[in-house]
Amino acid sequence: MKLENVIVERPYKKVYRCEEGIAKVFEPSHPKADVFNEALNQARVEATGLDIPKVISVSEIDGKWALVVEYKEGKTLEDLMNEHPENMETYMDEFVNLQIQVQEKTSPLLNQLKDKLARQINGLKDVIDATTRYELLTRLDSMPTHHKVCHGDFNPSNVIVSDDGKIYIVDWAHVTQGNASADAAMTYLMFALKDKALADTYLDIFCKKSDTAKQYVQQWLPIIAASALTRKDAMGKDFLMQWIDIIDYQ
């Protein structure tokens with residue numbers, strides 16, 4: 001496998017375009033179990049019938065674990081939004097439709113979102129004080145338990161649009177089964193990091209199309225912001241901390 005064309009670089013991984021497809025090559029410090037778990041979860045999403053890049057292989061390359069998936073030709077929806085802002089309303093409408101399509105699927109063997117969020121919040125002892133962690137965990141426990149497929153990182157950069165208009169969702173590293181409004185809260189925060197007005201537009205469209213009260217999604221925001229502090233691709237501590245004041249969404 002020739003690994004020369006780097007298309008994405010993160011502190012813990014490099015993503016290459018190669019003959020076999022797309023190769024995610026992780027740093028040696030990245031847990032082996034996490035690589036296999038990502039491959040397993042993506043395979044489980046394949047089984048739902050969603051048209052996503054298929055897992056090809058997991059292998060070790062020069063002491064680093066690599067996950068290879070199919071390559072899908074096209075532009076990201078993020079690129080299209082930037083190139084054609086006049087079409088933003090249409091793009092956002094399609095984006096939300098796609099997210100709801102994912103959330104209509106179930107995959108009983110995926111990890112439970114609420115369990116994952118609880119582990120993440122409990123692991124923030126050096127970041128968030130005990131009182132705030134207790135309030136977040138209490139709120140999390142009170143939220144309804146659902147079993148919908150939740151991408152966990154659903155944003156326009158993870159949507160590929162081919163030249164013939166076919167759409168693919170990529171990067172399933174954070175997929176779980178759980179509450180669709182929690183997934184929407186993560187998407188909202190990713191938009192808000194760059195453009196608060198666009199985030200509000202997204203939330204308006206999502207709530208209208210899914211018949212969800214906006215206040216319900218907002219109740220998830222402090223929980224999701226706290227969980228995002230544990231991610232290696234974190235959005236930034238200062239940005240996330242400002243969303244963890246749960247009193248704002250009582």
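Is Glu9 buried or exposed? I looked this up before anything else. Glu9 counts as exposed, because its relative accessibility is 51% and the cut-off for exposed is over 50%. I note that the model is a predicted one.

**Overall dimensions**

I went on to the whole chain. The protein chain has 250 residues and a radius of gyration of 18 Å, which agrees with the value near 18 Å for a compact globule. I took the box along the principal axes, and the C-alpha atoms fill roughly 50 × 45 × 35 Å. I counted nine helices and ten strands. Of the 250 residues, 49% are buried. For contacts with a separation of 6 or more, I find that 64% join residues 24 or more positions apart. The chain exposes about 12500 Å², and carbon and sulfur atoms supply 48% of that area.

**Charges**

I then listed the charges. There are 29 positive and 39 negative charges, and their mean positions are 4 Å apart. Side chains of opposite charge can pair when their charged atoms come close. I get a count of twelve salt bridges.

**Glu9 and Lys14**

I returned to Glu9 for its partner. Glu9 forms a salt bridge with Lys14, with the closest N and O atoms 3.8 Å apart. Lys14 counts as partly exposed, because its relative accessibility is 30%.

**Lys13**

I checked Lys13 next, in strand β2, which covers residues 13–18. Lys13 is buried and has no salt bridge. The nearest side chain of opposite charge is Asp171, at 4.3 Å, whereas a salt bridge needs nitrogen and oxygen within 4 Å. Leaving out residues up to four places away in sequence, I find that Lys13 touches Lys24, Val25, Phe26, Glu27 and Asp171.

**Asp171 and Lys24**

Which residue does Asp171 form a salt bridge with? I find Lys24, with the closest N and O atoms 3.0 Å apart. Asp171 lies in the loop between β9 (167–169) and β10 (176–178) and Lys24 in strand β3 (residues 21–26), so this pair ties together parts that are 147 residues apart in sequence. Both Asp171 and Lys24 are buried.

**Glu70 and Lys72**

I looked up one more pair. Glu70 and Lys72 form a salt bridge at 3.5 Å, N to O. Glu70 is partly exposed, because its relative accessible area is 27%. Lys72 counts as buried, because its relative accessibility is 19% and the cut-off for buried is under 20%. I also traced shared partners, and salt bridges join Lys24, Glu38 and Asp171 into one network.

How values were computed
Residues numbered from 1 in each chain as written. Predicted model: local features only at pLDDT ≥ 70, side-chain atom pairs only at ≥ 80, totals over all residues. Heavy atoms only, no water. Helix = DSSP H or I, 4+ residues; strand = E, 2+ residues; numbered from the N terminus. Rg over C-alpha atoms; globule rule 2.2 N^0.38 Å. Buried < 20%, exposed > 50% of the residue type's maximum accessible area, 1.4 Å probe, protein only. Contact = heavy atoms within 4.5 Å. Areas by Shrake-Rupley, 256 points an atom, 1.4 Å probe, with all protein chains shown as cover. Lys, Arg positive; Asp, Glu negative; His and termini not counted. Charge placed at Lys NZ, Arg CZ, Asp CG, Glu CD.
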